[in-house]
Amino acid sequence: MLDGARQRWVRSGEVELCVAELGDPLHPTIVLVHGYPDSKEVWSEVAARLADRFHVVLYDVRGHGRSTAPSPLCGGFTLEKLTDDFLAVADAVSPDRPVHLVGHDWGSVQSWEFVTVERTEGRIASFTSMSGPSLDHFGHWINKRLRRPTPRRVGQLLGQGAKSWYVYLLHAPVLPELAWRGPLGRLWPGILRRVEKVPAGDYPTSSLPTDAAHGVWLYRDNVRPRLRRPRDDVHAHAPVQLITPLEDAFLSERLYDELERWVPRLARRTLPAKHWVPRTRPDRLAGWITEFVTAVDAGRPGTAASGKHADRFGGQLVLVMGAGAGIGRATALAFAEAGARVVAVDRNAEAAVRTAELSRLIGAPSAWAGTVDVSDERAMEDLAAKVTAEYGVVDILVNNAGIGLSGSFLDTTPQDWKKVLDVNLWGVIHGCRLFGGRMAARGQGGHIVNIASAAAFLPSRALPAYSTSKAAVLTLSECLRAELAERGIGVTAICPGLVETDITSTARFAGVGAEEEKRLQRRTARLYGLRNHPPEKVADAVLRAVAHNRAVVPVTPEARGAHLMSRFFP
């Protein structure tokens with residue numbers, strides 16, 4: 001049983017279904033449908049995160065967990081009978097209101113049936129699908145590629161055919177049952193931990209061997225009949241949110257290329273994760289489900305985020321250092337517009353709060369402010385612990401905090417050097433170590449963005465300390481990228497040129513008096529203002545770099561030119 005859950009039994013034809021409920025029944029109802037070879041406990045982490053705001057219902061599919069199996073098994077797992085089961089559960093737990101449906105793997109496959117057949121119309125308010133296509137849509141997808149083949153379409157067919165290797169094996173008589181009741185059933189938890197990075201714990205349940213042996217009939221009763229003769233009228237009668245794990249070993253992204261044909265109200269999400277996302281990324285799923293269900297109930301059948309890259313960053317937790325102004329604020333707002341949850345951190349508390357407020361206004365489902373001096377190791381440790389405890393492990397870290405210093409080497413004092421390196425280099429080191437270490441420990445990837453500068457590869461006698469700090473950030477980023485790649489964590493160094501930000505008016509000038517320093521600050525600010533390259537363009541480059549996992553990104557034309565020249569005229 002799930003902790004704190006209320007259990008009931010629901011009769012559906014020849015089987016009894018074990019149903020668990022969490023949360024207040026007066027709240028909107030979300031029904032979670034599990035896949036193969038799972039039981040309802042696969043949803044336990046997601047359900048716990050939803051229960052504060054929703055009435056959460058989980059049930060063991062017939063023949064799985066504590067639900068009884070049909071007799072005989074053959075013919076007892078058709079999509080028609082699975083639809084009967086869903087309606088029986090929905091009528092029992094929410095007789096007067098439609099339910100929000102969420103399915104994973106075979107839970108999603110059967111939920112596509114629920115949301116496209118006439119007899120469920122009016123009972124489903126929304127559907128969130130992950131890692132499980134409609135068999136009818138899949139059948140039409142195959143037929144289109146067989147009837148009008150092109151090299152690209154043939155490649156797609158062959159690619160998905162290779163990913164579907166296990167489906168062929170499950171159609172073999174007797175052998176799958178023997179394997180699951182024997183060695184495979186014992187080895188499966190370890191396989192999930194090693195291959196899928198599923199955390200150790202009380203999942204899967206002890207009923208796994210029996211569940212998997214019974215669930216083989218999901219494939220045998222449905223796959224070949226539907227792929228051979230897919231239904232024609234398979235349009236979804238409720239809004240659909242599609243969550244696609246980009247590293248799914250069993251399903252190609254291309255399966256969903258033409259989904260708008262069948263789903264008029266479709267919201268897409270992508271997730272850098274493998275197949276078993278209910279266990280590996282429950283925080284992200286709970287956030288997206290909450291956002292989608294809330295939007296649908298409010299009469300907005302889609303995701304709240306509509307900005308560029310919303311399908312990639314929606315719901316992700318992004319922390320931006322130096323977010324109080326300039327490139328940091330622009331980057332935080334760009335991620336907010338893409339639907340990310342934003343933590344805006346700056347040493348100026350008022351500026352950080354303002355960035356968080358703006359983030360919420362333009363699309364962030366949640367945004368928080370934090371205050372820290374990035375050069376203070378203890379303060380950074382406290383920040384990392386607080387963010388992790390209150391909001392979760394950061395998915396994307398942007399190390400942007402920095403200060404400027406101009407002046408010749410001989411005029412730059414040891415104190416000047418220490419201040420620049422403490423903020424520009426040690427601040428990045430602290431961020432990468434503390435937040436990157438948590439990403440690595442989680443085992444589900446992430447991305448680190450370090451804001452360097454074109455000064456990193458453009459030597460200047462006027463900027464020895466600043467250039468040295470940024471060159472160190474660039475090299476650190478390249479080293480980290482090599483080290484963290486095997487953990488699925490990308491690292492990008494962003495190298496802007498002349499960008500109009502507040503750093504120009506606050507930069508220090510070594511070896512000059514206070515009045516002369518103010519004059520030089522005003523002159524530099526005017527120069528950067530005439531260049532007129534706003535920080536929003538750097539923010540756009542940050543989002544593109546993360547989306548495409550780029551290593552080193554010079555942003556402005558002069559930065560790109562300097563980067564090219566540095567290779568040939570160092």
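Two strands count as paired if DSSP finds at least two bridges between them. Keep that in mind for the exercises below, which use a predicted model.

**Exercise 1. Which residue of S4 is the bridge partner of Ala20, and how do S2 and S4 pair?**

Step 1. Find strand S2, residues 15-22, and follow the pairing to S4: the two strands pair in the antiparallel sense over four bridges.

Step 2. Look for Ala20's bridge partner in S4, and you land on Leu58.

Step 3. Now come at S4 from strand S3, residues 29-33. Five bridges join S3 to S4, and these two run parallel. Here Leu58 turns up again, as the bridge partner of Leu32.

Step 4. Trace the chain from S3 to S4. The path goes through helix H1, residues 44-50, and this β-α-β crossover is right-handed.

**Exercise 2. How many residues of strand S4 are buried, and which way do they point?**

Step 1. You need one cut-off here: a residue is buried when its relative accessible area is under 20%.

Step 2. Go through S4, residues 55-59. Five of its five residues are buried, so the strand is mostly covered.

Step 3. Sort them by direction. His55, Val57 and Tyr59 point one way, while Val56 and Leu58 point the other way.

**Exercise 3. In what order do the eight strands of the open sheet stand, and which strands are at the edges?**

Step 1. Read across the sheet: S1-S2-S4-S3-S5-S6-S7-S8, with mixed pairing.

Step 2. Check the two ends. Strand S1 (6-12) and strand S8 (266-271) have a single partner strand each, so one side of each is left without a neighbour in the sheet.

Step 3. Step from S3 to strand S5, residues 99-104. Four bridges join these parallel strands, and Leu32 stands opposite Val102 in S5.

Step 4. Bring in the helices that pack on this sheet. Helix H3 (residues 106-116) touches S3, S4, S5, strand S6 (124-130) and strand S7 (240-245), and its direction makes about 145° with that of S6. Helix H11 (residues 282-297) touches S3, S5, S6, S7 and S8, at about 155° to the direction of S6.

**Exercise 4. What is the strand order of the open sheet of seven strands, and which strands are at its edges?**

Step 1. The order is S11-S10-S9-S12-S14-S15-S17, and the pairing is parallel.

Step 2. The edge strands are S11 (367-371) and S17 (552-554), each of which pairs on one side only.

Step 3. Ignoring direction, neighbouring strands of this sheet are turned by 15° against each other on average.

Step 4. Zoom in on one pair. Strand S9 (residues 317-321) and strand S12 (residues 396-399) run parallel and are joined by three bridges. Within that pair, Val320 has Val398 in S12 as its bridge partner.

**Exercise 5. How many residues does the largest nonpolar core have, and which have the most contacts inside it?**

Step 1. Start with a general idea: in soluble globular proteins, nonpolar side chains tend to be buried together.

Step 2. In this model the largest nonpolar core has 86 residues, and Tyr36, Val56, Tyr59, Phe86, Trp106 and Tyr219 have the most contacts inside it.

Step 3. Ask where the core's residues come from. Helix H2 (residues 79-93) gives the largest share, eight residues.

Step 4. Pick Tyr36 and leave aside its neighbours within four places in sequence. Its contacts include His64, Trp106, Leu170, Trp180, Tyr219 and Trp276.

Step 5. Look for another core. There is a second, separate one of 44 residues, which includes Val374, Ala384, Leu397 and Ile489.

Technical notes
Residues numbered from 1 in each chain as written. Predicted model: local features only at pLDDT ≥ 70, side-chain atom pairs only at ≥ 80, totals over all residues. Heavy atoms only, no water. Axes fitted to C-alpha atoms, helices over the stretch in contact; angles between N-to-C directions. Core = buried A, V, L, I, M, F, W, Y, C linked by side-chain atoms within 4.5 Å. Buried < 20%, exposed > 50% of the residue type's maximum accessible area, 1.4 Å probe, protein only. Contact = heavy atoms within 4.5 Å. Right-handed = clockwise from strand over helix to strand, strands pointing away.
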